[in-house]
Amino acid sequence: MKPAMDYRPVQLDDALENDLRQLVRLSIAEDLDIAVDWTTVAMIAPERRGACQIVPRCSGIAAGIALAPWIVDEFDADLEVEVLIDEGTPLVPGEPIVRLSGSARDLLTSERVLLNILSRLCGVATLTGRYVEAIGEHDARLYDTRKTTPGWRRLEKYAVRCGGGHNHRTGLYDGFLIKDNHLALGRSEHDPSSKLTAGEAATRAVAMRGASVNQLVAPPMVEIEVDTLEQFEQVATTGIDIVLLDNFSLDDLRRAVARRDELGVTLDLEASGNVTIDTIGNVAATGVDRISSGALTHQATWLDLGMDWLDGFAS
């Protein structure tokens, strides 16, 4: 069967840069308000130059390293930035990933913002890599969700890709995803007093994709969440792209895969709900095409990064 379409991946592009710069501006305001870095101004002469390296204290996966020049630029800092590794590269404790040189004052003032952003993104990539590894040799692809830190969505989804995962829809504008609340609040065209069935909802969304609403073109991807095998039967042949099997047992996941194959439809099956690092291997073994987990972003911890000073470059 031909694989279904996928959502647009988050790229290292203008949209990502814009989100990053807004976060850096907020971070600068948090640290400096309308004042200055008083400690640095008191202790460091304005002509003092220096250099340092950002170094991981533990193993992990690199993410956000390519963003370091944009972060420094937003500070309007007198610094040169050298990115030493590629995104997605395994991190080795003690081996530098970014080198900075220039004004010692600017190095000190920008240190915490640089480390905060890179530590967060490396942490998301590292956790994603562990989930990908736990899938093992199975064919299921790992996806993130919209359970992201407010304001950080593109950045965290970018980090998921660095860790070997895939991006689910970036926002509500990016595709149809019919969930149980849409069914509960929607109304059947045949009986306005009753709520939508999964089959009716899927058919409605398929008919709407590509249509124009207020000069906006509806997205092509249609996905629906189902809770039971009965709902799956309702939607399997409606022309949708993905069925999200929410909180299905392993046996029911296998049954849905078998039924999809029996019908011969072009349809991706996505398992979701209570997916953990300990269970994802068994979920992948059922034959589903996709597994989505909010844990990739909302359970990720920061990776320990530090800034080491290079005495030979100070003057």
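## An exposed strand residue

Val217 is exposed, because its relative accessible area of 63% lies over the 50% cut-off. In this predicted model, the residue belongs to strand S9, which covers residues 216-217. Leaving aside residues up to four places away in sequence, Val217 touches Gly210 and Ala211. Thr126 stands 91 residues from Val217 along the chain, and the C-alpha atoms of the two are separated by 36 Å.

## The antiparallel sheet

Four strands make up an open sheet whose order is S3-S5-S1-S14, with antiparallel pairing. Strand S3 (79-83) and strand S14 (305-309) stand at the edges, and each has a single partner strand, so one side of each is left without a neighbour in the sheet. From one strand to the next, the twist averages 20 degrees.

Strand S1, residues 49-56, runs antiparallel to S14 and is joined to S14 by five bridges. Within this pairing, Ile54 has Met307 of S14 as its bridge partner. Helix H4 packs on the sheet, where it touches S1, S3, strand S5 (98-103) and S14, and the direction of H4 makes about 155 degrees with that of S14. Strands of a sheet pair through backbone hydrogen bonds, in either the parallel or the antiparallel sense.

## A buried strand and its parallel partner

How many of the five residues of strand S12 are buried? Five of the five residues in this strand, which spans 268-272, are buried, so S12 is largely enclosed by the rest of the structure. Asp268, Glu270 and Ser272 point one way from S12, whereas Leu269 and Ala271 point the other way, and all are buried. In a regular strand the side chains alternate between the two faces of the sheet.

The pairing of S12 with strand S11 (residues 242-246) is in the parallel sense and extends over five bridges. In this pair, Leu245 stands opposite Ala271 of S12.

## Helix H5 and its surroundings

Helix H5, made of residues 153-162, is mostly covered, with seven of its ten residues buried. These buried residues are Leu155, Glu156, Lys157, Tyr158, Ala159, Val160 and Cys162. They pack against helix H1 (14-32), strand S2 (60-61), helix H4 (104-135) and helix H11 (295-298). Gly164 follows H5 and has a positive phi, near 100 degrees.

## A nonpolar patch at the surface

Val36, Trp38 and Val41 make a nonpolar surface patch of about 310 Å². Of these residues, Trp38 has its place in helix H2, which covers residues 38-43. Trp38 is exposed, because its relative accessible area of 62% is over the 50% cut-off.

## Salt bridges

A search of the whole structure finds 22 salt bridges. One of them brings together the side chains of Asp6 and Arg290, at 3.3 Å from N to O. Asp6 lies in the segment before H1 and Arg290 in strand S13 (residues 290-292), so the pair ties together parts that are 284 residues apart in sequence. Asp6 counts as partly exposed at 35% relative accessibility, whereas Arg290 is buried, with a relative accessible area of 0%.

The side chains of Lys179 and Glu225 also meet in a salt bridge, at 2.9 Å from N to O. Lys179 lies in the loop between strand S7 (176-178) and helix H6 (180-185), while Glu225 lies in strand S10 (residues 222-226), so this pair ties together parts that are 46 residues apart in sequence. Lys179 counts as partly exposed at 31% relative accessibility, and Glu225 counts as buried at 6%.

Where do Asp252 and Arg255 lie? Both are in helix H9 (residues 250-263), three residues apart, which is about one turn of the helix. An α-helix has 3.6 residues a turn, so residues three or four places apart point the same way. Asp252 forms a salt bridge with Arg255, and the closest N and O atoms are 2.7 Å apart. Asp252 is partly exposed, with a relative accessible area of 23%, and Arg255 is partly exposed as well, with a relative accessible area of 47%.

Terms used:
Residues are numbered from 1 along each chain as its sequence is written. This is a predicted model: local features need pLDDT of at least 70, side-chain atom pairs count only at pLDDT 80 or more; totals for chains, interfaces and linings use all residues. Side-chain values use heavy atoms; hydrogens and water are left out. Helices (H or I, at least four residues) and strands (E, at least two) are DSSP runs, numbered from the N terminus. Buried means under 20% relative accessible area, exposed over 50%, partly exposed in between (1.4 Å probe, protein chains only). Contact means heavy atoms within 4.5 Å. Two strands pair if DSSP finds at least two bridges between them. Axes are lines fitted to C-alpha atoms, for helices over the stretch in contact, and angles run from 0 to 180 degrees between N-to-C directions. Patches are made of residues with over 30% relative accessible area and no salt bridge: like charges are joined within 9 Å, nonpolar side chains (Val, Leu, Ile, Met, Phe, Trp, Tyr) within 5 Å. Accessible areas come from the Shrake-Rupley method with a 1.4 Å probe; for residues, only the protein chains shown count as cover. A salt bridge is a side-chain nitrogen of Lys or Arg within 4 Å of a carboxyl oxygen of Asp or Glu.
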